[in-house]
Amino acid sequence: MMRFFILSGLILLFSSCEKETPLLFEMPMQNLDFVMPAGQNAVETYYVDFPQVPTNIDALLASFGIEESEVSGIVPGDGRLFSIFGDGDYNDLFREFVVQICPAGSSTTKCGFEGFYWDLVGQNVDFDLNLIPNPIDLSDLLLEDKVHIQVWYRLLKTSNETIESRLSLEFLVQ
């Protein structure tokens, strides 16, 4: 009798485990370059817009032999901000850094969904800022030909150098 209860419990435990959605491919959005000028203060919020970023979704789907109907979701994967020439220092610079994914053609501030963020004040980051992905399904936006990427950030202190920056994003197509 005891075996029956143990076996029933194990079957129930394993049957209730949630299966992970398989990764079909990764969707990169790289070389989103912008300049952070010296003299930006710690009071304001700064916005950088990339209004017409191609998703290349049709070419990616075709190259992997996948139909759009097979895509169950597209979520943020890896996000990174770094100095293009390696001479800018992000250490103790940001209070908050957010990457929003918005519909192409939108023109408002904070126009969409927060795909990536960073708010780990006090961590030593030097020349690279590894962003935290927000586990949100962005397939409605990223299955379009183009998307609007909006960056907004707040600083801890007035910046004393101009930093030529590059944002590299990767989304996971499931």
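Good morning. Please keep in mind that the model is predicted.

Strand S4, residues 94–103, and strand S7, residues 146–155, run antiparallel and are joined by nine bridges. In general, the strands of a sheet pair through backbone hydrogen bonds, in either a parallel or an antiparallel manner.

What is the order of the strands in the open sheet of eight? Reading across, the order is S1-S8-S3-S6-S5-S4-S7-S2, and the pairing is antiparallel. At the edges lie strand S1 (25–36) and strand S2 (45–54), each of which pairs on one side only. On average, neighbouring strands of this sheet are turned by 20° against each other, with direction ignored.

I turn now to the cysteines. The count comes to one disulfide, and it joins Cys102 to Cys111, with an S to S distance of 1.9 Å. The link of Cys102 and Cys111 is right-handed, with 80° about the S-S bond. Are these two cysteines buried or exposed? Both Cys102 and Cys111 are buried.

Leaving aside residues up to four places away in sequence, Phe171 touches, among others, Phe25, Met27, Met29, Ile74, Ile101, Phe116, Leu138 and Leu142. Its contacts also include Glu26, Pro76 and Gly77. In soluble globular proteins, nonpolar side chains tend to be buried together.

Thank you for your attention.

Definitions and conventions. Residues numbered from 1 in each chain as written. Predicted model: local features only at pLDDT ≥ 70, side-chain atom pairs only at ≥ 80, totals over all residues. Heavy atoms only, no water. Pairing = 2+ DSSP bridges. Helix = DSSP H or I, 4+ residues; strand = E, 2+ residues; numbered from the N terminus. Axes fitted to C-alpha atoms, helices over the stretch in contact; angles between N-to-C directions. Disulfide = S-S within 2.5 Å. Buried < 20%, exposed > 50% of the residue type's maximum accessible area, 1.4 Å probe, protein only. Contact = heavy atoms within 4.5 Å.
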